[in-house]
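This briefing sets out the confidence, overall form and selected local features of a single protein chain. Please read the points below alongside the sequence and the coordinates.

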Amino acid sequence: MRVSKRASGAIAVGAAFALVASGCSSSDSGSDDTGNSTDGAIVIDGGEPENPLIPASTTETNGGKIIDWMWTGLVEYPNNGGAPQNAVAESIETTDSKVYTIKIKQNTKFHDGTPVKAKNFVDAWNWGAYGPNGAQNSSFFADIDGFSEVNTVDPDGPDGPQKAPEPAQKTMKGLKVLDDWSFEVTLAAPTAVFPTKLGYSTFMPLPDAFFTQSAEEFGKKPIGNGPVKFVSWENNVAIKLTRFDDYQLRDKMKIKDVTVKIYQDDNAAYSDLVSGNLDFQQQVPVSALAGDKWKTDLGERAVASTTPSTGIIAFPIYDKRFTNPKLRRAISMSINRQEITDKIFFGNRKPADSWANPLTPGAQPGNCTACQFNVEEAKKLLAEAGGFTGKLSLYYNADASHKEWMEAVAQQIKTNLGIDAVAEGVPTFAVFRQNINAHKMKGMYRAGWQQDYPDVENWVNPLYVTGGSSNDGLYSNPQVDALAKEASGAPSLDASHAKFAEAVKLIDQDVPSVPIYFGGQQSGYSTKIKKMELTNVGELDITSVEL
């Protein structure tokens, strides 16, 4: 649920892609002298990653941002929201949107000094797709011919006694190394959006060293190919990165060291930011928004931006209490999103009214009819569903500012439907995500989405297609699956987006989750930073930082 970053330069071949800009920011010292930056260091806020740092196994933002910084992909997404542009790729060519020939630059290296070759992409993608490896992002490789032969379906789901059959193959027939610097990708069907995806971290290369050890061992001391390399990781304390001096692409680091300090409380991070002990906080706490306190505290160092992200509350549909779509729709329609964005976020976020964030190409605004606030209709639907008995828990991770808005949602459900709804905090994001991935949630739960690549496909396939990488509630509708498959295999973006719109209409009737607000981000930085930019998803572009 992330995006890669950075960029300027040649446009990836065969693409007419666009992303309406999310915010970026800079503060200019008025000088081109970056001498103070060369050996400088910054400390930025972060959270404990859920898993070891492996691109194909990371689906959350705490680990995702580290991977975004440590790796560079075939393409990258500009900070200003423009079209994807070539990075490691020299060219991406196709005549039919089905067979792609990808040539890579010959002067790039991994952090261990070994060259990045075509086989490092092919081997990484095959590892990520191979079902027994358990990569959470494996479904992103489903476009490639032969995926079904390396990734088999569990007949009774992840919690059933049966296991998925052993795959017939270990590698996908749609991947072929042509020489050291080029490879061919054959898709199962023409897919116009495929080049757009290639900046997402799942598609990053892996060094030969990855395949000489266990994935977990590698993920604790990862080797990437990006502008910074790994130094150390002290659990729940800090992750340290340093400049990779042999980095050969455009976006070289202007500073030397980056420490990601892991916080369990974003109010503590904000206190450090205001006092000068933290150099960047991506999202200031809700407590700092009232009366624009954060702007008073930070002055010109307060950065407001709009990001392609949505705050969501999801249903564990594997819990039989939530299998009735009328119940799910009733709960959604009992929530006054405008009141929450006005009173909790002080107008800094917008009420969600669509299933995909409107900043995303192909997204249709206003297509979430279940997002409409209608108490009478909600009561009617609840009655038709047979009501709800017992306590309705709404879980959230307590190490970030979710308590206030989750409690507000719970109170609205309680007031408007008479359900005993209670918001309950889980101490850390890592533990919270572990419970979600293990399908052990005993109530609704916070599940925001930050897009991985700029296309509406990313708001449907991972979240709502059976077996999708982030379909954590185990929602399944064969009609949605069929439409999404047609959409993903459409030969043009227009045709793809039209077919996804049909799938979203069915999703809107099923209400597998509850969109609440569209992301508006409020960031801050220290007086040490003289110049900086945000990526198109609101992360700090560490390659832009000057001191």
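Where pLDDT is low, the predicted coordinates should not be read in detail.

**Basis and confidence**

- This is a predicted model, in which local features need pLDDT of at least 70 and side-chain atom pairs count only at pLDDT 80 or more, while totals for chains, interfaces and linings use all residues.
- Residues are numbered from 1 along each chain as its sequence is written, and side-chain values use heavy atoms, with hydrogens and water left out.
- The average pLDDT of the protein chain is 90, and 92% of the residues score at least 70.

**Overall form**

- The protein chain contains 15 helices and 18 strands; helices (H or I, at least four residues) and strands (E, at least two) are DSSP runs, numbered from the N terminus.
- The C-alpha trace spans about 65 × 60 × 40 Å along its principal axes.
- Of contacts between residues at least 6 apart in sequence, 73% join residues at least 24 apart.

**Burial, surface and charge**

- Of the 547 residues, 59% are buried; buried means under 20% relative accessible area, exposed over 50%, and partly exposed in between (1.4 Å probe, protein chains only).
- The accessible surface of the protein chain is about 20,400 Å², and 49% of it belongs to carbon and sulfur atoms; areas come from the Shrake-Rupley method with a 1.4 Å probe, and for residues only the protein chains shown count as cover.
- The 52 positive and 66 negative charges have mean positions 2 Å apart. Lys and Arg count as positive and Asp and Glu as negative, with His and the chain ends not counted; each charge is placed at NZ of Lys, CZ of Arg, CG of Asp or CD of Glu.

**Helix H1**

- Helix H1 (residues 61-70) is mostly covered, with nine of its 10 residues buried; among them are Lys65, Asp68 and Trp69.
- The buried residues of H1 pack against strands S1 (41-46), S8 (228-234), S9 (238-243) and S10 (257-262), and against helix H12 (429-437).

**Buried loop residues**

- Cys371 lies in the loop between strand S13 (350-351) and helix H10 (375-384) and is buried, at a relative accessible area of 7%.
- Beyond four places in sequence, Cys371 touches Ser332, Arg337, Ala352, Asp353 and Pro515.
- Asp399 lies in the loop between strand S14 (391-397) and helix H11 (403-417) and is buried, at a relative accessible area of 13%.
- Beyond four places in sequence, the residues that Asp399 touches include Tyr263, Asp265, Asp266 and Phe429.

**Positive phi values**

- Most residues other than glycine have a negative phi.
- Asn236, in the loop between S8 and S9, has a positive phi near 65 degrees and is partly exposed at 40% relative accessibility.
- Phe346, in the loop between helix H9 (337-343) and S13, has a positive phi near 55 degrees and is partly exposed at 40% relative accessibility.

Methods: pLDDT is the predictor's confidence in each residue, from 0 to 100. Contact means heavy atoms within 4.5 Å.
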